[in-house]
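Colleague: Could you walk me through the labels on this one? I'd like to hear what stands behind each of them.

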Amino acid sequence: INCSDGTKLIGNWQAAESGIYVLTECPEGHALINSTDGTSKGVFSHDAQQCSVCDDTKEYVINPNRDSCETCPPGLICDGTAFVTRIVEESVWIAEDGVYKLISCPA
């Protein structure tokens, strides 16, 4: 959305029946915030809506429309998106409930 003051809102916005705009999607590397607790899971707040950019050296977000920006754990290199690189080649990580979890280390 392009605003009258020249700024541009990031993400996909849709007009609701009430006439207000609702943020429905954020791009990779951003977390959708639309609630009073600063996530997408709490009580909806029209004024809190935003796509919050994740730090491209210290954080990741698996699903931008559901998950929060999470701190990159030791053992991974993060780029702010869901893409991560393992530091230890044979370590096994899984994505579960919006976070990466270490399952096993090489013997």
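Colleague: Why is Lys 101 called partly exposed?

Modeller: Lys 101 has a relative accessibility of 31%. Buried means under 20% relative accessible area, exposed means over 50%, and partly exposed is in between (1.4 Å probe, protein chains only). So 31% makes Lys 101 partly exposed. One caution: this is a predicted model, where local features need pLDDT of at least 70 and side-chain atom pairs count only at pLDDT 80 or more, while totals for chains, interfaces and linings use all residues. Residues are numbered from 1 along each chain as its sequence is written, and side-chain values use heavy atoms, with hydrogens and water left out.

Colleague: What makes Lys 101 and Glu 96 a salt bridge?

Modeller: The rule asks for a side-chain nitrogen of Lys or Arg within 4 Å of a carboxyl oxygen of Asp or Glu. The closest N and O atoms of Lys 101 and Glu 96 are 2.9 Å apart, so the pair qualifies. Glu 96 is partly exposed too, at 33%.

Colleague: How many salt bridges does that rule give?

Modeller: Three. Another one joins Arg 66 and Asp 67, at 3.2 Å from N to O. Arg 86 and Glu 89 also pair, at 3.6 Å.

Colleague: Is Asp 67 buried or exposed?

Modeller: Buried: its relative accessibility is 5%, so it falls under the cut-off.

Colleague: What makes Ile 77, Ile 87 and Val 88 a nonpolar patch?

Modeller: Patch members have over 30% relative accessible area and no salt bridge; nonpolar side chains (Val, Leu, Ile, Met, Phe, Trp, Tyr) are joined within 5 Å, and like charges within 9 Å. Ile 77, Ile 87 and Val 88 form such a patch, with about 270 Å² of accessible area together (Shrake-Rupley method, 1.4 Å probe; for residues, only the protein chains shown count as cover). Ile 77 lies in strand 7, residues 76-78.

Definitions and conventions:
Helices (H or I, at least four residues) and strands (E, at least two) are DSSP runs, numbered from the N terminus.
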